Amino acid sequence: GHFLHADSLGNDGRLEPGAAQVMTFSHAGDLHAEKNGSAAEPLRFIQFWILPSVRGLETRVQQRQHTIDDRTDRWLQIMGPAGTEGLELAQDARALVSHLTEARALNHEFGAGRGGYLYVIDGEVEVNGEGMATGDAAQLADEDAVRIQANAVSELVLVDVDLRA
């Protein structure tokens, strides 16, 4: 579907499938709304919250459109700390996505003291030998690395975080 965003700062916009958005909130409180921008197509989006590592941030919205080719059979970092790929997070965390075609595999290594959260948006995969399907999620806290093998075309999101924070 088509994602519509509006907020109390006057930001608005329409995002097409595959887009990413980061909204940083101040402590003053901000209003925002998301809704489907299509009367004919259903909308499915994932919203997750990553707490900032510093206080006193100003509210801002970042958005970036990505294509399916950008993430096919590879990890695409769509969010990360300042100075890294993707939209800027105020935290030592990274959000990666992939459109993994059938029979393809991806690896991801976690640094020391790091782990992750994997969500299967769509498809069927094996994660370090364990089967997962659409809607399944896994916390990866005791793994140095993760290997994901697609049993069908799959859409994935992986959030890599510092577990010591």
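1. Basis. This is a predicted model, in which local features need pLDDT of at least 70 and side-chain atom pairs count only at pLDDT 80 or more, whereas totals for chains, interfaces and linings use all residues. Residues are numbered from 1 along each chain as its sequence is written, and side-chain values use heavy atoms, with hydrogens and water left out.

2. Overall fold. The chain holds 1 helix and 15 strands, where helices (H or I, at least four residues) and strands (E, at least two) are DSSP runs numbered from the N terminus. Its radius of gyration is 16 Å, close to the 15 Å that the globule rule gives for 165 residues, so the chain is as compact as a globular protein of that length; the radius is taken over C-alpha atoms, and the rule is 2.2 Å times the number of residues to the power 0.38. Along the principal axes, the C-alpha atoms fill a box of roughly 45 × 45 × 25 Å.

3. Of the 165 residues in the chain, 36% are buried, with buried meaning under 20% relative accessible area, exposed over 50% and partly exposed in between (1.4 Å probe, protein chains only). Among contacts (heavy atoms within 4.5 Å) with a separation of 6 or more, 64% are between residues 24 or more positions apart.

4. Largest pocket. About 1400 Å³ of space lies in the largest pocket. A pocket here is an open set of points, on a 1 Å grid over the protein atoms alone, where a 1.4 Å probe fits, with protein on both sides within 12 Å along at least five of seven lines, and lining residues have an atom within 4 Å of a point. Grid points are joined across faces, edges and corners, and the volume is the space filled by probe spheres set on them. The lining numbers 50 residues, and those nearest the centre are Ala19, Ala20, Phe45, Ile46 and Gln47. Elements that give two or more residues to this lining include β3 (20-24), β4 (32-36), α1 (68-71) and β15 (154-162), and the largest share, 5 residues, comes from β3. By class, the lining of the largest pocket divides into 29 nonpolar, 14 polar and 7 charged residues, where Ala, Val, Leu, Ile, Met, Phe, Trp, Tyr, Cys and Pro count as nonpolar, Asp, Glu, Lys and Arg as charged, and the others, Gly among them, as polar.

5. Second largest pocket. This one has a volume of about 320 Å³. It is lined by 16 residues, of which Trp49, Ile50, Leu51, Val159 and Val161 are the closest to its centre. Two or more lining residues come from each of β10 and β15, with β15 giving the largest share, 4 residues. The lining of the second largest pocket has 13 nonpolar, 1 polar and 2 charged residues.

6. Nonpolar cores. Which members of the largest nonpolar core touch the most other members? They are Leu118, Val125, Ile148 and Leu156, in a core of 17 residues; a core is a set of buried Ala, Val, Leu, Ile, Met, Phe, Trp, Tyr and Cys residues joined through side-chain atoms within 4.5 Å. Among the elements that give two or more residues to this core are β8, β11 (124-127) and β13 (137-140), while the largest share, 3 residues, is that of β14. A second, separate core of 12 residues includes Met79, Ala93, Ala95 and Val157.

7. Positive phi. Most residues other than glycine have a negative phi. Ala103, however, has a positive phi of about 75 degrees; Ala103 sits in the loop between β8 and β9 (105-109) and is exposed at 55% relative accessibility. Asn128 has a positive phi near 50 degrees, lies in the loop between β11 and β12, and is partly exposed, with a relative accessible area of 35%.

8. Further exposed positions. Gly129 is in the loop between β11 and β12 (130-133) and is exposed, with a relative accessible area of 58%. The C-alpha atoms of Gly129 and Arg147 are separated by 8.1 Å, at 18 residues apart along the chain. Asp69 lies in helix α1 and is exposed, at a relative accessible area of 63%; from Asp69 to Ser26 the C-alpha separation is 35 Å, and the two are 43 residues apart in sequence.
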